[in-house]
Amino acid sequence: MQFKNQKFTMTLLLAGFITFGCESDLALVEPAIEAKLEEETFSKSFNLSEIKEMTDFTNLRQGDFTGRFLILSRGNNLPANIERSISSAGGEIVKTFPEIGVAVAVSRSDNFLSQASTISGIESITPDMILQYTKEPSLIGDEQVIERGQNGISSRKVTSSGTPFNYQDAFFDGWQWAPGSIDAPKAWDNGFTGEGIRVAVIDGGFHSAHTDLAPNLDVASSLSTVPDFNFNEDTGTFWHGTHVAGIVAASGDGIVGIAPKATIIGVKSLHSGSGAFEWILEGILYAATPQSKGGAGAQIINMSLGAEFPIRDLWQEEGFRKAFQELQKVYDRATTYAYQNGVTIIASAGNGASNYDVERGLFKFPAQNRHVLSISSTGPTGWVLGNENFTQLAYYSDHGKALLDFAAPGGTLGLALVDGNFNRCTLIGTLVSTSGICAIFDQVFSTVRGGTNSSYNWAQGTSMASPAVAGVVALMMEANGGSMNPAQVKTRLIQSSTDLGKPGQDEIYGHGYVNAAKAVGLN
């Protein structure tokens, strides 16, 4: 394999590599983004003389080689004296994940790979790279970030008198269709809020001062695995992680998350939607490690991110096949570690509109890794117009029994982009109203960075569906006394979800469309 100008630019993982995340507010949707990288021929070794370790993380480019290597041991334990062995081979160990038998190294000589490959106990050494996992929205109309206190929308006084949670006190009450579509208000009416349950969101930056996130955010446990950036830093005004976190556990100030009193742990493993495998791997392990051992102590992990491998198209390429297999093993070890620690991982299925039962030559990280629950997206077409087809599969959502576990509300711009209806509507809430293209309001309304500490916007994507399920699981865990292992979670979700489509597991809804009230034991 060959690298040029620090770009990981061959067919290896990326000529057909598709990445996905969410498409958002007023978005001109590009549901799947193909990584268009220069193609290079394969050679027998890496040209390490042209590669340097990445030190500038402010301008991440898809396909850039980080200058670091993921070392996978043959077993779950790293070989003894691995630091010394790697040093003798011309490299340096810079990080270890002994809980899963993985280390990270940098090269200090041109023949590092050939030398290191002979070390006993090492199964593989795979170069790490930057990929884009989520994407900022492109607009189909004027940007409509909602700032409380601006644009004629005034903030009412919010008191904290210790009264019971009342979701109808939210300033934007009446603007959210998604919670009602999964019967969350019934769970809230019966006192289930996810209180005491810890949910890690592995994503981009988190606006820690947001009035709807701050009450539930465990700042002390939140961290960034992206070098040189804090967990509450990112670029632009959307901030994917901030939007996702609000869907899980917005506190009810402006909007209501599915589990409005759950604890959020912000784990920043992406910057501007891009990141390295190492950063996401570290995020999973940190989130899944108990607090007593220095981790976040999460009970649930939400991952609204991912990458798609076209394995059938590139399987004949030895370099691709080897790298794919080894990266799959690395991530499987991480997700298995979480499972063994009693942590449930929930991930977005992806926005490529692919049926994985038909297009069998695809594999999606992390949605198809071991013990991960993968979520498809649904949404109405014309909610403000009176259409309540909330369980309709979103036009962009990936699906297929080979991929899916459950379905949840993720929103859709289908009314505009599929049906061609760009008419304007007025959304009338309990306290405040707004106007815009009707299709906008069929998306999911949640927290964003914006320009204040109380900014909100709409987005669509399986990235929005996954945190809805994470919130349902938090409610379910609370109802179960504060804990459930991943097997119990899946079983209870299967029992409580609405069986739509074909009886049993099907290609659109998996095991069903989640129902918060039934998940907590309410009929």
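## Inside the largest cavity

Strand E21 gives the most to the lining of the largest cavity, with 3 residues. This is a predicted model, in which local features need pLDDT of at least 70 and side-chain atom pairs count only at pLDDT 80 or more, while totals for chains, interfaces and linings use all residues. Residues are numbered from 1 along each chain as its sequence is written, and side-chain values use heavy atoms, with hydrogens and water left out.

**The chain as a whole**

- You will find 12 helices and 22 strands in the chain; these are DSSP runs (helices H or I, at least four residues; strands E, at least two), numbered from the N terminus.
- Of the 523 residues in the chain, 63% are buried, meaning under 20% relative accessible area with a 1.4 Å probe and protein chains only.

**The largest cavity**

- Searching the whole structure turns up 3 cavities of 30 Å³ or more; a cavity is a set of points on a 1 Å grid over the protein atoms alone where a 1.4 Å probe fits but cannot get out.
- The largest cavity holds about 130 Å³ of space, where a volume is the space filled by probe spheres set on the points.
- Its lining has 17 residues, each with an atom within 4 Å of a point.
- Gln176, Ala178, Pro179, Ile247 and Val444 lie nearest the centre of the largest cavity.
- At least two lining residues come from each of helix H3 (178-181), helix H5 (240-249), strand E21 (444-448) and helix H10 (462-479).
- The lining of the largest cavity has 12 nonpolar, 5 polar and no charged residues.

Methods. Buried < 20%, exposed > 50% of the residue type's maximum accessible area, 1.4 Å probe, protein only. 1 Å grid on protein atoms, 1.4 Å probe; cavity = no way out; pocket = protein on both sides within 12 Å on 5 of 7 lines; lining within 4 Å. Nonpolar A, V, L, I, M, F, W, Y, C, P; charged D, E, K, R; others polar.
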